[in-house]
Amino acid sequence: MIDHSLLHPTMTDDDIVAGLRIARMRNVATACVKPYHIPLAKKELADSDVLVCPVIGFPHGNSTTEVKVTEATAAAKAGGAEIDMVVNVGKVLGGDWNYVTEEIRQINDAVTAQGAILKVIFENDYLQSEHIVRLCEICTKLKVAFVKTSTGYGFVKQSDGSYNYRGATVKDLKLMRQKSGKCVQIKAAGGVRTLDDLLHVMSLGVTRIGATATVAILEEAKKRGIGHEPVEVSFRPMAENSTGGY
């Protein structure tokens, strides 16, 4: 269920190699990398089951549709099996749904033509429920593989003047699962930091998470007896409007 995230802007090539080796050793679903790291990721993950997941239009989604399509096509051709894109948030907030739909359509078509799949990042911290619902409807109609909550970098100015984000909230995940078609999977990203977080979002219908705390999550899973065989476990639920907090 884990996309191991290696996206922080300060990460050096050595940092990426170390992260890719964690992804390989822990046999996660994918390693999420910036596009220029695709060749390095392919090399480090060769002969493993871990897929390469590059991001495009990341983290703010502000590139033109043409540039996003070109970037997505190049990323898929270079070896990206799953592509995570960011919507144009300003167009979403402005209600320019024709633009939003056409952009997602073009990128999805470009990605699937290369045999890859697309995850569409909404950046929910910037949106209201009505925007999330409309995006779920659009992605369902376009048969996108995944809808995703956040980049993990969608910082919003708080009442105290600081900048922070909520990321994947229980409220939004319930809404996304309810309003997305059965063939559209849900990815929770931003604030899913513990095994309890993962188990809770899993119970809501989430099938993939983006995480930097991969090692801590999987070590805790081992401690609780989670392995290759089904096992019943309990978890501490998250607050309705936040992740990572109880």
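Modeller: Contact here means heavy atoms within 4.5 Å. Helices (H or I, at least four residues) and strands (E, at least two) are DSSP runs, numbered from the N terminus. This is a predicted model, where local features need pLDDT of at least 70, side-chain atom pairs count only at pLDDT 80 or more, and totals for chains, interfaces and linings use all residues. Residues are numbered from 1 along each chain as its sequence is written, and side-chain values use heavy atoms, with hydrogens and water left out.

Let us take helix α5. It covers residues 97-113, 17 residues in total. From its first C-alpha to its last it reaches 24 Å, close to the 24 Å expected at 1.5 Å a residue. That expected span is 1.5 Å times one less than the number of residues.

Next, burial. Buried means under 20% relative accessible area, exposed over 50%, and partly exposed in between (1.4 Å probe, protein chains only). In α5 the buried residues are W97, V100, T101, E103, I104, I107, N108, A110 and V111. Their cover includes strands β3, β4 and β5 (117-121), and helices α3, α4 (89-93) and α6 (129-141). Just after α5 comes G115, with a positive phi of about 85°.

Now the core. A nonpolar core is a set of buried Ala, Val, Leu, Ile, Met, Phe, Trp, Tyr and Cys residues joined through side-chain atoms within 4.5 Å. The largest one has 64 residues. I83, I104, V120, F122 and I209 touch the most other members. I104 is one of the buried residues of α5. In soluble globular proteins, nonpolar side chains tend to be buried together.

Leaving aside neighbours within four places in sequence, its contacts include V111, along with P54, I56, A72, A75, A76 and A116. I117, L118 and K119 are also among them.

Two of the covering strands, β3 (residues 51-56) and β4 (residues 82-86), run parallel and are joined by two bridges. Strands count as paired if DSSP finds at least two bridges between them. I56 has M85 as its bridge partner in β4. Helix α3 (residues 65-77) packs on the sheet and touches both β3 and β4. Its direction makes about 165° with that of β3. Axes are lines fitted to C-alpha atoms, for helices over the stretch in contact, and angles run from 0 to 180 degrees between N-to-C directions.

Step back to the barrel. Eight strands close it in the order β1-β2-β3-β4-β5-β6-β9-β10, with parallel pairing. The twist averages 25° from one strand to the next. β1 and β2 pair in the parallel sense over four bridges, and L6 has V33 as its partner in β2. Strand β2 (residues 30-33) points T30 and C32 one way and A31 and V33 the other, all of them buried. Elsewhere, helix α9 (residues 214-223) lies across β1 (2-6) and β10 (208-211), at about 150° to β1.

Last, the cysteines. A search of the whole structure finds zero disulfides; the test is a pair of cysteine sulfur atoms within 2.5 Å. For C53, in no disulfide, the nearest cysteine sulfur is that of C32, 3.4 Å away. C53 counts as buried because its relative accessibility is 0%. C139 is in no disulfide either, with the sulfur of C136 nearest at 7.0 Å. C139 is also at 0% relative accessibility, so it counts as buried.
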